[in-house]
Amino acid sequence: MNDRHAGTLWVVATPIGNLGDLSPRAQGVLRGVALIAAEDTRHSRPLLEHFGIAAPLTALHEHNERAAVASLLARLQGGEDVALISDAGTPLVSDPGYRLVRAARAAGVKVSPVPGACAAIAALSVAGLPSDRFVFEGFLPPKPAARRARLRALADETRTLVLYEASHRIVGCCADLRDAFGAEREAVLLRELTKLHETCLGATLAEIAARVESDPEQRLGEFVLVIAGRDEDADTKLAEGRRVFAVLREELPPAQAARLAAAISGAPRKALYAQRAAD
Ligand code: SAM
C-alpha cells in the first residue's frame, strides 16, 4: 500500500547517445521534481541544461548509495518528488539505483518508471537474432580467468545472450567468446548506438574476434554484444554432417564433400572440412 502523503520516486531513462531520445514526458518529469538523484552530477548537468531543466542535483552512485538512500527516502516521505537518473540509459540496468528503489518500495513510496533508451534493448531490436526470449548478462567479470569461467557456464544457453563490454576489454572478450561458444556461433557487435559512428557487425564469433583484433576503429566507443543461443539441434546436425561427409569423401575431393555434406545436414561446412585432418 502506497503512503498517500509521500512523494513519487520517478525512475527516468536518459539517452544513450542521441539527445533526441529524452522523451517529452521525461523532460516534464525532470522539470517538475524537487530533486534529481544522478549517478554523476557533472555528467548529467549538461544534459539537463540542454533541456533547460533546473531541478537541483544530488549524487547517487555505487559508492554512496547506502548512505544516500536514507536522506532521499526522508525527502520522499516528506512529500517531495524525486527523479533517479544514471549517466545514460535506464537506471538499475548495469547502473546504480537498486537499493533506493527497493527501500522506497519497502517504505510504501510510489515508484514509477519513465521508460526510454536502454542499450541492451536497442541492440536486441536491431540484431536480427531471436528475441522472444533472451538473457541479459550485463558486464562479464573483468578478469580473464573469471570471465572464461562465466562464459563456460553460459556456453549451453539456448536463449539469445546480451552483454555489455568496455572498449579496453572488447578484444579479449570477443576472443574468449569465440573459444567458449565456438568459432561458428552467430553474433552481432553493436557499437556507438544512436551516435555518429554507430556500427552493427553481424558475423560469426571468429569473424568478429578477428575484426576487433585487426581494426582499431572497431575497438572505439561503447559496445553491446548479442550472441545467438546454442542451436539445440547443432549436435544432431553435426553428427549427421560427419556421417554424410565420410561417405562423400570416398568419391569426392574434401572441399566438395564438405560443401555437399553441409548443405544436406545443416552442419557448418568448416567444421566438416576440418574433420578431414582427423580422419
Ligand atoms: N543503464 C544503461 C542502459 O540502459 O543501457 C547501461 C549502463 S552501463 C554502465 C554502460 C554500458 O552500456 C556501456 O559500457 C556499453 O556496454 C553499453 N552502452 C551504453 N550506451 C551505449 C551505446 N550508445 N552503444 C552501445 N553500447 C552502449
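**Figure 1. Charged side chains across the predicted model.** The protein carries 34 positive and 35 negative side chains, and the centres of these two sets lie 3 Å apart. The structure is a predicted model, and its surface exposes about 14500 Å², of which carbon and sulfur atoms supply 51%. Of the 279 residues, 43% count as buried.

**Figure 2. Overall dimensions and fold content of the protein.** The secondary structure comes to eleven helices and ten strands, and the C-alpha trace spans about 85 × 40 × 35 Å along its principal axes. The radius of gyration is 24 Å, whereas a compact globule of 279 residues would have one near 19 Å. When contacts between residues at least 6 apart in sequence are considered, 69% of them join residues that are at least 24 apart.

**Figure 3. The domains, and the contact between domain 1 and domain 2.** The domain assignment divides the protein into domain 1 (8–117), domain 2 (120–227) and domain 3 (234–278). The centres of domain 1 and domain 2, taken over C-alpha atoms, are separated by 29 Å. To the contact between them, domain 1 gives six residues and domain 2 gives nine residues.

Figure 4. L30 has its place in helix 1, which covers residues 24–32. With a relative accessible area of 0%, L30 is counted as buried because this value falls under the 20% limit. Leaving aside neighbours within four places in sequence, L30 is in contact with V12, L22, I36, L48, I53, A55, A83 and I85.

**Figure 5. R42 in helix 2 and its spacing from D87.** R42 is found in helix 2, which is formed by residues 41–50. The relative accessible area of R42 is 68%, and R42 is therefore classed as exposed, the limit for that class being over 50%. Although R42 and D87 are 45 residues apart in sequence, their C-alpha atoms are 9.6 Å apart in space.

**Figure 6. Backbone of L92 and S94 in the loop between strand 4 and helix 4.** L92 lies in the loop that runs between strand 4 (82–85) and helix 4 (98–106), and the place of S94 is likewise in the loop between strand 4 and helix 4. Most residues other than glycine have a negative phi. L92, although not a glycine, has a positive phi of about 75 degrees, and S94, also not a glycine, has a positive phi of about 55 degrees. L92 is partly exposed, with a relative accessible area of 34%, while S94 counts as partly exposed at 32% relative accessibility.

Figure 7. R147 lies in helix 6, made up of residues 144–154. Is this arginine, R147, buried or exposed? R147 counts as buried because its relative accessibility is 4%, a value under the 20% limit. When residues up to four places away in sequence are not counted, R147 touches L140, P141, P142, E165, R169, G172, C173 and D176. Among the residues touched by R147 are E165 and D176, and Asp and Glu belong to the side chains that count as negative, just as Arg counts as positive.

Notes: Residues numbered from 1 in each chain as written. Predicted model: local features only at pLDDT ≥ 70, side-chain atom pairs only at ≥ 80, totals over all residues. Heavy atoms only, no water. Helix = DSSP H or I, 4+ residues; strand = E, 2+ residues; numbered from the N terminus. Rg over C-alpha atoms; globule rule 2.2 N^0.38 Å. Buried < 20%, exposed > 50% of the residue type's maximum accessible area, 1.4 Å probe, protein only. Contact = heavy atoms within 4.5 Å. Areas by Shrake-Rupley, 256 points an atom, 1.4 Å probe, with all protein chains shown as cover. Charge placed at Lys NZ, Arg CZ, Asp CG, Glu CD. Domains from an automatic or database assignment.
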